[in-house]
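Please read these notes with the model open beside you.

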Amino acid sequence: MSKLMEDMRNEAAILSAIGTARFYNIPEGTILTDIMKCFDLTEKQAKEYMLK
């Protein structure tokens, strides 16, 4: 799989996880730390995804 396709798939998974967590009213701070752990993101990267 090309790097671009892999990056797109990962971004879709991250945004889906954030959307699902928000649907279930999980606190933003918890979502942030969870996506950092699950997707091996820095805090800055995780915050950028949270703003999308």
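1. **Contacts along the chain.** Take contacts in the protein chain between residues at least 6 apart in sequence: 34% of them join residues at least 24 apart. Contact here means heavy atoms within 4.5 Å. The model is predicted: local features need pLDDT of at least 70, side-chain atom pairs count only at pLDDT 80 or more, and totals for chains, interfaces and linings use all residues. Residues are numbered from 1 along each chain as its sequence is written, and side-chain values use heavy atoms, with hydrogens and water left out.

2. **Overall layout.** The protein chain has three helices and zero strands. From the N terminus, the order is α-α-α. Helices (H or I, at least four residues) and strands (E, at least two) are DSSP runs, numbered from the N terminus. The C-alpha atoms fill a box of roughly 35 × 20 × 15 Å along the principal axes.

3. The accessible surface of the protein chain is about 4000 Å². Carbon and sulfur atoms account for 60% of that surface. Areas come from the Shrake-Rupley method with a 1.4 Å probe; for residues, only the protein chains shown count as cover. Of the 52 residues, 19% are buried. Buried means under 20% relative accessible area, exposed over 50%, and partly exposed in between (1.4 Å probe, protein chains only).

4. **The core.** Which residues make the largest nonpolar core? There are ten: I14, I18, A21, I31, L32, I35, L41, A46, Y49 and M50. Helices α1, α2 and α3 (43-51) each supply at least two residues of this core. A nonpolar core is a set of buried Ala, Val, Leu, Ile, Met, Phe, Trp, Tyr and Cys residues joined through side-chain atoms within 4.5 Å. In soluble globular proteins, nonpolar side chains tend to be buried together. Look at I18 as one example. Leaving aside neighbours within four places in sequence, I18 contacts I31, I35, Y49 and M50.

5. **A salt bridge across the chain.** A search of the whole structure finds four salt bridges. The term means a side-chain nitrogen of Lys or Arg within 4 Å of a carboxyl oxygen of Asp or Glu. One of the bridges joins the side chains of K52 and E11, at 3.0 Å from N to O. This pair links distant parts of the chain: K52 lies in the segment after α3, E11 in helix α1, and they are 41 residues apart. K52 has a relative accessible area of 57%, so K52 is exposed. E11 has 27% relative accessibility, so E11 counts as partly exposed.

6. **Two further bridges.** R22 forms a salt bridge with E28, and their closest N and O atoms are 3.0 Å apart. R22 is partly exposed at 31% relative accessibility. E28 is also partly exposed, at 40%. E43 forms a salt bridge with K47, again with the closest N and O atoms 3.0 Å apart. Why are E43 and K47 separated by about one helical turn? Because they are four residues apart in helix α3. E43 is partly exposed at 42%, and K47 is partly exposed at 43%.

7. **The aromatic pair.** A search of the whole structure finds one aromatic pair. F23 and Y24 form it, edge-to-face, with 5.0 Å centre to centre and 85° between the planes. Rings of Phe, Tyr and Trp (its six-membered ring) pair if their centres lie within 6.5 Å; planes under 30 degrees apart count as stacked, over 60 as edge-to-face and the rest as tilted. Are F23 and Y24 buried or exposed? Both are exposed.

8. **A nonpolar surface patch.** F23, Y24 and I26 make a nonpolar surface patch of about 370 Å². Patches are made of residues with over 30% relative accessible area and no salt bridge: like charges are joined within 9 Å, nonpolar side chains (Val, Leu, Ile, Met, Phe, Trp, Tyr) within 5 Å. I26 sits in the loop between α1 (3-23) and α2 (28-39). At 34% relative accessibility, I26 is partly exposed.

9. **Two loop residues with positive phi.** N25 has a phi near 55°, a positive value in a residue other than glycine. N25 is in the loop between α1 and α2, and N25 is exposed at 68% relative accessible area. D40 is not a glycine, yet D40 has a positive phi of about 50°. D40 is in the loop between α2 and α3. D40 counts as exposed, at 68% relative accessibility. Leaving aside neighbours within four places in sequence, D40 contacts I35 and Q45.
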